[in-house]
Amino acid sequence: VHGRSLAQPRAPGQALVSATAETPRTSPLATIGWIVFVLLLVYAVLIGGGWAGIYLGTLRTLSLALVTLGLAVWLVLSLRDPRWRPGTAIWPALVLPVVALTLTTFTSWLPRRGLEYVAWAVLLVALYLLLVRVLATETARVRIGALAAMLSLVIGLLYMGQVLVAWIEWWGLIGGLAVPPLRPLYASLSLGGPGTVQTVQVVITAIAIAGLGLAGRRRQLLAGVLIAITAIVVVLSASRTGWGALAVALVLTGALWIALAAREGSLRDRLAERWAQRGVRIAIAAAVIAGGAAALVAAPVVLDRLLNSGTGGRGQYFTVALRMCEDAPILGHGPGTWAVRRVTYTEPGELDHYIPHAHDIYLQTLAEMGIVGAVLGLAALVPVAWLVWRGLNAAAADTRRWAWAAVFVLLFIGLFNVFDFQMNVPAVVVLAALPVAWLDASSRVGLGIGRAGEATAR
């Protein structure tokens, strides 16, 4: 979409366009492009990226067709306008996982299955580069926060409504009012599981706050509403893994914020400045009162969920993954083979459930791609950490917000996948990539090859 170039000189790490800046004037073609992007993102989160999009062949075919069409349109734009050609500051983070998948496919027990993983990985890399190009445009950068806020409201309210409908049915069956169960009828919208709903809601809310900021009472009020709805969804979804991951991610993110503020010698000043704002004090008081009331009401069912529920067989899945790694420690058994070979490594008398993943992305990586895959995977995180660290120390406030969102989102999802597996859910993958892609699109310094921020279109 043709428009004014964003290739003005900027300080290293500074965002090209502030997320709180005045909405830019856009051409009709840019508006159409943005509408298409919105529709595709909504599809990826609510339809094609959930349970139905994974398990229904028709939707999988539709998703692949949309991916092919989107990449084809991008190719045409790239040929006509050099500003749309791919660029990234963190190319090793994209190359190393593909290298790991390719190497371990050569020695795989099922090489054809590994080739499918390699092909999808290449498509994901292409889609990430396209996302970077889109977020390098003014039109997307100043509107992505509002889009995320809309999705947060829609998902949160829909989930609360689904749970309420199930509760009304339950109250009718028992003939009276009582403290209802959490996650009734395994309520999960179109996302396949309550834990996935929780993950999507938490991540999309963090993205919304990063995109909109907290400047002004209206945005502070909106952020408060989104956080309140997200807190309710977190409780209702009753994912113990999610509860633990969220708590630890908040603690670690807060500890990093305190460490950086103390390093600059401004921790006390920052806290005093925040506390001096009347709106902040009112928000804290309201949060404490609402949280206390919710805790009193939900405490019995939350405790029941924490103390009286099983493990879902995770211990057995972990054991199988470790046995597979012990059998092929260097290159593993090949991408996608854990589910296929699980029964072979299950001893007589042990839990024997057919399930597509090991509920731990790290152990499954060791089982399928061995030490080589794990090392290359960890190495791929280094450029991402470098990009986020630059964002945390940037001069631009919007860049710092997105960097903090990236810290929290990556910690939360990384911790969640210690006891569950969500990297096979496209909705989670897309949302996890958004903060990193925003930082990538705004970065003026890269690790070689083309830079996303050097030139683009509106």
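Hi everyone, let's start in the middle of the protein. The largest nonpolar core has 83 residues, and the members that touch the most others are Tyr128, Leu135, Ile144 and Phe412. Please keep in mind that this is a predicted model.

Let me stay with Tyr128 for a moment. What does Tyr128 touch, once we leave out residues up to four places away in sequence? On one side of the list we have Thr88, Ile90 and Leu94, and then come Ala433, Val436, Ala437 and Asp440.

Now let's zoom out briefly. The protein has 17 helices and zero strands. Of its 458 residues, 46% are buried.

Helix H5 covers residues 111–135 and helix H17 covers residues 426–442; their axes are 8 Å apart and the packing angle is about 60 degrees. An angle of about 60 degrees falls between the roughly parallel and roughly perpendicular ranges, under 35 and 65 to 115 degrees, so H5 and H17 are oblique to each other. The crossing is right-handed. From H5, the residues in contact are Tyr128, Leu131, Val132 and Leu135, and they meet Ala433, Leu434, Val436, Ala437, Trp438, Asp440 and Ala441 in H17. Sorted by class, that contact has 10 nonpolar residues, no polar ones and one charged.

The second pair is H7 and H8. Helix H7 spans residues 144–174, helix H8 spans residues 194–212, and their axes come within 8 Å, crossing at roughly 150 degrees. How are these two oriented, then, roughly parallel or roughly antiparallel? The cut-off for roughly antiparallel is over 145 degrees, and H7 and H8 are therefore roughly antiparallel. Their crossing is left-handed.

Who is in this contact? H7 contributes Gly145, Ala146, Ala148, Ala149, Leu151, Ser152, Ile155, Gly156 and Tyr159. On the H8 side you will find Pro194, Val197, Val200, Gln201, Ile204, Thr205, Ile207, Ala208, Gly211 and Leu212. By class, the H7 and H8 contact has 13 nonpolar residues, six polar ones and no charged ones.

Methods:
Residues numbered from 1 in each chain as written. Predicted model: local features only at pLDDT ≥ 70, side-chain atom pairs only at ≥ 80, totals over all residues. Heavy atoms only, no water. Axes fitted to C-alpha atoms, helices over the stretch in contact; angles between N-to-C directions. Helix = DSSP H or I, 4+ residues; strand = E, 2+ residues; numbered from the N terminus. Left-handed = near helix turned anticlockwise from the far one by under 90°. Contact = heavy atoms within 4.5 Å. Nonpolar A, V, L, I, M, F, W, Y, C, P; charged D, E, K, R; others polar. Core = buried A, V, L, I, M, F, W, Y, C linked by side-chain atoms within 4.5 Å. Buried < 20%, exposed > 50% of the residue type's maximum accessible area, 1.4 Å probe, protein only.
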